Number of protein chains: 2
Amino acid sequence: MDKPPARERLARAAFDLFNERGYEQTTVDDIAERAGLGRATFFRHYRSKEDVIFPDHDRLLDQVRDRLRSASQDTPLAAVCDAVRLVLAHYLHEGDLARRRYALTSTVPALRDREIVSVARYQKLFREYLAGQQSDATELHAELMAAAVAAAHNHVLRRWLRGESADPLREVDAALRQVIVLFTPQHREPADGTTVVAFRTSQPLDSLLPTLQHLIETAPH
Amino acid sequence: MDKPPARERLARAAFDLFNERGYEQTTVDDIAERAGLGRATFFRHYRSKEDVIFPDHDRLLDQVRDRLRSASQDTPLAAVCDAVRLVLAHYLHEGDLARRRYALTSTVPALRDREIVSVARYQKLFREYLAGQQSDATELHAELMAAAVAAAHNHVLRRWLRGESADPLREVDAALRQVIVLFTPQHREPADGTTVVAFRTSQPLDSLLPTLQHLIETAPH
């Protein structure tokens, strides 16, 4: 059987050592040695020890940006909901590695902070996209939408990382639907003309129509 | 006239030096010297150079937590909207210092990241409060609400920091009202009985009612 590529071997060695010795106590040399590779090889693949833990964020951010650029969804919000699925899919593809990173970021404040910052970068990208697309929406609206999409994604991702979600793809669809409903106006502003008010009653329609007419005719203008 | 207290003199000296020489090029000794104080005095007031820039976040977070603990608003969301005003008021009270920090965090990535992390801490506090208060709400709902409140606050704060908002207190009220409207359900689920659909038309009511009756009677069940 072929060995895994150097990049992956280094990542797995790093996570093993962080678990065994702690993050602060592990050096780049330790990682390279455990992976059976040299220090120079380490630095061909990663810029730093921290980088081993978050290797693909820049590339993933570019993919999200590309996806938004070529979006064909009906609304900018739907496009952002589609693009955020790329982020979730990336973590799911990482599998065990993503869960080990989560365990590590929960105990090392510096790593947890870096994770938070990387989430903020997606949210900023979404916000700028939404503000640029929706000439009729206010900047506040774009900000609220971007925050909601990021929150829905994080909610499902966190559940999956904790082993609480068996079907994160289905869960993220449901969560994003909830975001879209949140931002779908449920009523319109009044306009000129006759307004029929929506209501519900147990009366039959025959007895309803005269009452309706009476109510509308006697209502204050 | 009395000199400002040592803590404030150190902060102002630090910001002056960061502007003149850059953040990385300024040392703790430089700051103490500029403030006319000793290195030991610096470390009685701040733990590090970075700390001079973000001195009060822990205390402010405690205040927000206390405010939520003693909240008397009608809904948990209203309580969170009230508590986030403490954060805005803190920045407004800082005045010029807050704006100088914003200018600095825009150019020094490490400081910008720390700012993002501190915002995430408020959002987490809000999320946990909302999830704990609302037995009927899902965790996702709490997460969406917390993200929206933080986003509304950040939107107004950022505008004020950039000099785009003359009345941030009024703006934040309007932005938070928008958040509350977002999470106020606008319609109910269907129940048994006759349903009258809401619509609008330029036809007079007399010609409308027969059409309405016909449409409802011939609609598929």
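## Two domains in chain A

The C-alpha centres of domain 1 and domain 2 of chain A lie 28 Å apart. The domain assignment places domain 1 of chain A at residues 6-52 and domain 2 of chain A at residues 54-182, with bounds that come from an automatic or database domain assignment. Eight residues from domain 1 of chain A and eight residues from domain 2 of chain A form the contact between them; two residues are in contact if their C-beta atoms, placed from the backbone, lie within 7 Å. On the domain 1 side, the elements that give two or more residues are α1 (6-21) and α4 (49-53) of chain A. By class, that side has six nonpolar, no polar and two charged residues. Here Ala, Val, Leu, Ile, Met, Phe, Trp, Tyr, Cys and Pro count as nonpolar, Asp, Glu, Lys and Arg as charged, and the others, Gly among them, as polar.

Before going on, please note that this is a predicted model, in which local features need pLDDT of at least 70 and side-chain atom pairs count only at pLDDT 80 or more, while totals for chains, interfaces and linings use all residues. Residues are numbered from 1 along each chain as its sequence is written, and chains are lettered from A and ligands numbered from 1 in the order in which they are written.

## The make-up of chain A

Chain A holds eleven helices and two strands. Helices (H or I, at least four residues) and strands (E, at least two) are DSSP runs, numbered from the N terminus. Reading from that end, the order is α-α-α-α-α-α-α-α-α-α-β-β-α.

Of the 221 residues in chain A, 28% are buried. A residue is buried if 20 or more other C-beta atoms lie within 10 Å of its own, exposed if 12 or fewer, and partly exposed in between, with C-beta atoms placed from the backbone. Among contacts in chain A between residues at least 6 apart in sequence, 55% join residues at least 24 apart.

## Where the chains meet

Two packed helices are described by the angle between their axes and the distance between the axes. Helix α8 (residues 109-133) of chain A and helix α8 (residues 109-133) of chain B have axes that come within 9 Å and cross at roughly 90°. The axes are lines fitted to C-alpha atoms, for helices over the stretch in contact, and angles run from 0 to 180 degrees between N-to-C directions. α8(A) and α8(B) are therefore roughly perpendicular to each other, a term for angles of 65 to 115 degrees. The residues making this contact are A:Asp113, A:Ile116, A:Val117 and A:Ala120 of α8(A), together with B:Asp113, B:Ile116, B:Val117 and B:Ala120 of α8(B). By class, they comprise six nonpolar, no polar and two charged residues.

The largest nonpolar core has 62 residues, of which A:Ala148, A:Val149, B:Ala148 and B:Val149 touch the most other members. Such a core is a set of buried Ala, Val, Leu, Ile, Met, Phe, Trp, Tyr and Cys residues joined through C-beta atoms within 7 Å. Leaving out residues up to four places away in sequence, A:Ala148 touches A:Val179, A:Leu182, B:Leu144, B:Ala147 and B:Ala148.

Start with B:Val156 in helix α9 (residues 139-161) of chain B. B:Val156 counts as buried because it has 27 C-beta neighbours inside 10 Å. Its C-alpha atom is 6.2 Å from that of B:Pro168, twelve residues apart in sequence.

Next, B:Arg162 sits in the loop between α9 and α10 (168-182) of chain B, and counts as exposed with 12 C-beta neighbours inside 10 Å. Finally, B:His93 lies in helix α6 (residues 76-94) of chain B, and its 10 C-beta neighbours inside 10 Å make it exposed.

Note on methods:
Angles under 35 degrees count as roughly parallel, over 145 as roughly antiparallel, 65 to 115 as roughly perpendicular and the rest as oblique.
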